[in-house]
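Please look over the following notes alongside the model.

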Amino acid sequence: MMNSTVADLSAVNISALSVVRGGRPVIDDVSVRVPRGSITGLLGPSGCGKTTLMRAIIGTQRIADGSVWVFGDDAGAKSLRGRIGYVTQSPSVYGDLTVTENIRYFADLSAPGSKAARNAAVSHAIEVVGLTAEAGRRAVSLSGGQRGRVSLACALVGEPELLVLDEPTVGLDPVLRVELWRTFADLAAAGTTLLVSSHVMDEAEHCANLILLREGRLVANLSPQQLLDQTGETNMEAAFLALIEGGAAR
Ligand SMILES: Nc1ncnc2c1ncn2[C@@H]1O[C@H](COP(=O)(O)OP(=O)(O)O)[C@@H](O)[C@H]1O
Ligand SMILES: [Mg+2]
């Protein structure tokens, strides 16, 4: 357990985290916080350590040094089960089950309460991801973007307080991408904490806070506006490059 005042303010608190994979440091002395009830973007180029950092938060990554707390408990603690929803980078769904059946499967595992309450939770999750019209279709017949949203609904149905989404917008067309970010904003407005990774810097504009990583190191942990102000740039990609080139830190 950590200091309770800090735990109250942050959903995730990472201190001096280092992770070694394949004999190499892939997260190097990273300290960041994820505030509650808003969207935090975890951004950086491919291979910079986004997935590894998420695995550390979920509690599935062996760490070499430092600490990771989620809601004041050690990452991976039993008490955190059910409070965190995680959607991996290439999520899979059961192709031979319908949208509803896929989500009900997770609801039966994770959502508490009566059968009626679980059914209501399933319908609600389907509505949140905009798949109500497809609810009876088998997942195999859906588009890639729709299948991604089924995975999101599977993570949502247990009503987690923290949603960790690894590159959820990759491969989506611009319209779907905007819709998905709108869904994330609605979830945050309802009090959910979201940590969303992307290697596309433009996605920073949808986030309240940013964690910028490069080669396993923290480049900056600030808001999009602070990033623009600090660099004098008008777009996120240029601002990120300016930070790196300027060697400007935290
Ligand atoms: N299972 C693994 N074994 C060894 N190295 C790995 C493994 N998974 C990832 N890595 C390395 O760790 C670094 C960070 O990877 P990752 O966290 O997947 O980055 P990102 O999600 O930002 O693309 C990369 O250099 C990658 O090659
Ligand atoms: Mg990744």
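1. Tyr-94 is partly exposed, at a relative accessible area of 39% (buried is under 20%, exposed over 50%, partly exposed in between; 1.4 Å probe, protein chains only). Tyr-94 sits in the loop between strand 6 (84-87) and helix 3 (99-110); helices (H or I, at least four residues) and strands (E, at least two) are DSSP runs numbered from the N terminus.

2. This is a predicted model, in which local features need pLDDT of at least 70 and side-chain atom pairs pLDDT 80 or more, while totals for chains, interfaces and linings use all residues. Residues are numbered from 1 along each chain as its sequence is written, and side-chain values use heavy atoms, without hydrogens and water.

3. How many aromatic pairs does a search of the whole structure find? There are 3 aromatic pairs (rings of Phe, Tyr and Trp, the last by its six-membered ring, with centres within 6.5 Å; planes under 30 degrees apart are stacked, over 60 edge-to-face, the rest tilted). One of them joins Tyr-94 and Tyr-105 edge-to-face, 5.5 Å centre to centre and with 80° between the planes. This pair links distant parts of the chain, with Tyr-105 in helix 3 and the partners 11 residues apart.

4. Tyr-105 counts as partly exposed, at 41% relative accessibility. Tyr-105 also pairs edge-to-face with Phe-106, at 5.8 Å centre to centre and 85° between the planes. Phe-106 is partly exposed too, at 31%.

Methods:
Chains are lettered from A and ligands numbered from 1 in the order in which they are written.
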